[in-house]
Every structure is written in C-alpha cells, then in structure tokens.
Amino acid sequence: MSRLKRILCLLLCLVAVLAVAGCGLFPDRGNGGNGGNGGNGGNGGTPPGGDDPVILEDNSGMPDSAYNLKTYLYPLWEGNTVYNETLWFASENYAPLLYEPERVLSVRSYDLKTTYTEGVDYVVDGNSIVLMDRSGIPLMPAGTFLSATPLTSLAVAHVNGGYVYANEGNDISLRQVVVTYTHAGTRSWTLPREETEKFPKTMQKLENGESIKIVFYGDSITVGANSSEFLGCAPHAESYANMVKSYITARYPQANVQFANTAVGGTDSNWGNNVKTGIPAIDDIAVPEGVNGDHFRTRVLNEDPDLLFIAYGMNDQSASPYLPATGTSKSYQQNIREMIQKVRAQNPDVEIMLISGMIANPDTGFYNKDYEEYQQALSELCEEFENVGLATTLNTVRSVYALDDNGGNGKRFRDCTANNVNHPNDFMMRVYAQTVVYSLFGEDYIDHI
C-alpha cells in the first residue's frame, strides 16, 4: 500500500504542475464568478463564502439513486451535501469537485446503474477524485480527447489545432460519472437576481388557482438538449424547462397551468424574431410553419402566453449583442426588444422572464461572443420594460467554473457538458433550473415543494 501511495503522490505532483502551467486557459476565457457589469445587472444576490462564517443547511438524506425533482433543484450554494455532481475523466486521471469533500458517499455511472469503489476505482485527494490504475471508471486517452483528425461526425476544431472530442447523443454522458459527497467548505457564488415582484399577475394566478398559460421560447438548450430525458437514457433527468414546469405544478397543484415549449434547436434570436441572417444553417431550419413562416406568431403569439420565457443567445453569431452579425440580420438586443414589443402589443399584461445562458466550449470557435455583454443587454431591457425579469444563468455558470479562494477548485467545461461544445448535461441543466426558479420565486423556493 505504501508503494501505491508513493506512486499516487508522484502522479498528483505531476498533475499539480500541469494544472498550474495550464490554469490560465479556461479561467482567462471562461472564468469570472461575478460576471462583470453584465453579471449582476446591478441586482445580484450576495455570494456566500465571504468574511462572515456561513452555516450550511443540512440537506443530507435526499434521494439520489434516481432522478428526483427536489434533489436536483436543491441550490448548490446552500447545503452540506452535493448530489450527483458530474465528472468526465478525459485526458487526465483526476477531476475536481465544486467543494472539498468531507466524505464521498458514492461515485456512480451517469445512468446511476453502476457504483464504483473507493480504494479500487478511485481515491480522494483534496478537491479531486483520482482514478486508480485498474479503475472501472472510463478514462478517455489524451489522443482521443484532442485528436489530429475528427473522431465523430461532429467535427469541432480546437483553437490551437486538432479536434476536440465532440458528439451528440448519449456518447459523452455515458462516459461521465456522478459523485455525491458531504462538505464543510463554501464558495463565492454570484446568486441569481430575485425578480418575483416583476411577476405579480403570474403569482396571483398561481396562488388563486386560476388558469395560466406558460410558454418557453428559445434554442436547443430550452428544447432540452442534452438532458438525459431528452436523450432517452437513465436517469431521465428533466430539462431545465421541464424542471421549472414540474416545480410550478408541484407547488401550485390547485392552479390550472398549461405549458408549451415551442423552442427549436439551432436557432438564434434573428430566427426567433423572423429575421433572415443569410446563414443557411440558421435560416433554413425545417419547421412545420416552413422556413419562411412567421415563427414568432406561430410559436408565441398564437400560444397567447400569460408568462413567457425567452432564452436565446448561444447560436447568435455577433461578438456583441448591440451589433448585427450580418448585413441582413439585427442585433441580439434589438431582436429581444422586438419580441417583447410584439407580444405586449397583443397582450399588454404578459409577464416575461429573459434567460441568459451558459458559455460554449472555450477551446473552440463556438466561444464567439462577449457573454457578459449579452447578459448586460438583457438587463438593460429589464430596465426599459415593466414586468420583465432576468434569470442570470450566466452568473451561476461562471460561479461553477470559477477558481475559488474559499476551497473550491472550480469545475471544468468538460464536466458540465453532454456534447463538449454547447449543450449542458444533467448537472448544468440543474444550474439553469435552480437559477430560473430562484429568479421567479425567490431564495426560499426549495422550501415550498
């Protein structure tokens, strides 16, 4: 055993050296828990983990052997137990957790069907899970994770040459594992904005058991890509939109709530606003209303929502939300502004939640915009219009990735994605859902289901 420990120590020292040497790549391009000026929009929550001691809630004993709504919606910044945090061992035999674990309760396959054994499959070192030599946990070789030629039909170039391993379907998800553990440490989170007061009519309808129509409109992330529910594989965890839907129906069973998710994968804000970009991959997406159909009328106005969620941005091609990407397109902010104006012209009482999004893989060309500025553009629209709120998902995502002085390593993009390009896995879907529900219902949302 002493020989094994010496080998592990040497390996970990090597990992530490490599981590220090390469730590600038992801933080420089994808870090920043506070999200800059666009991060809070002036109204962000107070991050835990400051000078005052934080008392973590005891959220032990929650069900985690299958998908459970309350477990997955429990805010990552509050409890002393993290459930089913995802890791992907690709090119490296270690993976960092959000917090330094006091005790690892389980390490399981993504589908929750296989349980791995500490001391046989892995060991715990500080904030990281480290694989043993003969571990049953999948480890992708470095030459596969970054290859000279594409290894799947989804060919995505690395910014420094070669190709990242990227794929749709459940390929990447089933290479990941989930970890449940207890911890005593905290992190510096930039919490979501609490926007409840901007939705008085929504709250009245839900609390009084009235009828209400709720519509989600956006791109593939809002469709559900790539939650395990969307992929049709265990644990069948819901997409963020469906988690929000399930939360509302669980909290307000007396209300007559109708939901419609009219999002379409591959679309940008121009498509959502019936504006041609001149980019065939966006303009020519096949939908029932036709490529030249009125998408906004078909998917929003005809649904006549009382509460509308708008979530675009990942596929917008302009680096700035204030500038059009092409000669025929409009800017991101102008598209969202016009969507608000059009739905308000039909129904002045409709209440709207804008949703900022996650970042794309910072090692690829899909990382092509100023994400904080995009979020700031949405925040400005909230000032321009009454009863329009903002779920600052980007802030929460940045907090997950950020290196942290309070004992958190910060997660890597690979640990939170299901295609290694621009789609969240189950863990990142939870980050979206927690942010949206917090923004709509307030910081104590989890106490009401």
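I began with contacts (heavy atoms within 4.5 Å). Among those in the protein chain between residues at least 6 apart in sequence, 75% join residues at least 24 apart.

A note on ground rules: this is a predicted model, where local features need pLDDT of at least 70, side-chain atom pairs count only at pLDDT 80 or more, and totals for chains, interfaces and linings use all residues. Residues are numbered from 1 along each chain as its sequence is written, and side-chain values use heavy atoms, leaving out hydrogens and water.

Next I checked pLDDT, the predictor's confidence in each residue, from 0 to 100. The chain has a mean of 90, and 87% of its residues reach 70 or more.

I then looked up burial (under 20% relative accessible area, 1.4 Å probe, protein chains only). Buried residues make up 58% of the 449 in the protein chain.

For secondary structure I used DSSP runs, numbered from the N terminus: helices (H or I, at least four residues) and strands (E, at least two). The chain has 16 helices and 15 strands.

Which strands form the open sheet I picked? The order is E1-E10-E3-E4, with antiparallel pairing. E1 (81-87) and E4 (115-116) are at the edges with a single partner strand each, so one side of each has no neighbour in the sheet.

Last, I followed one pair (DSSP must find at least two bridges). E3 (residues 101-109) and E10 (residues 177-183) share seven bridges, antiparallel, and Pro101 has His183 in E10 as its bridge partner.

Note on methods:
Buried means under 20% relative accessible area, exposed over 50%, partly exposed in between (1.4 Å probe, protein chains only).
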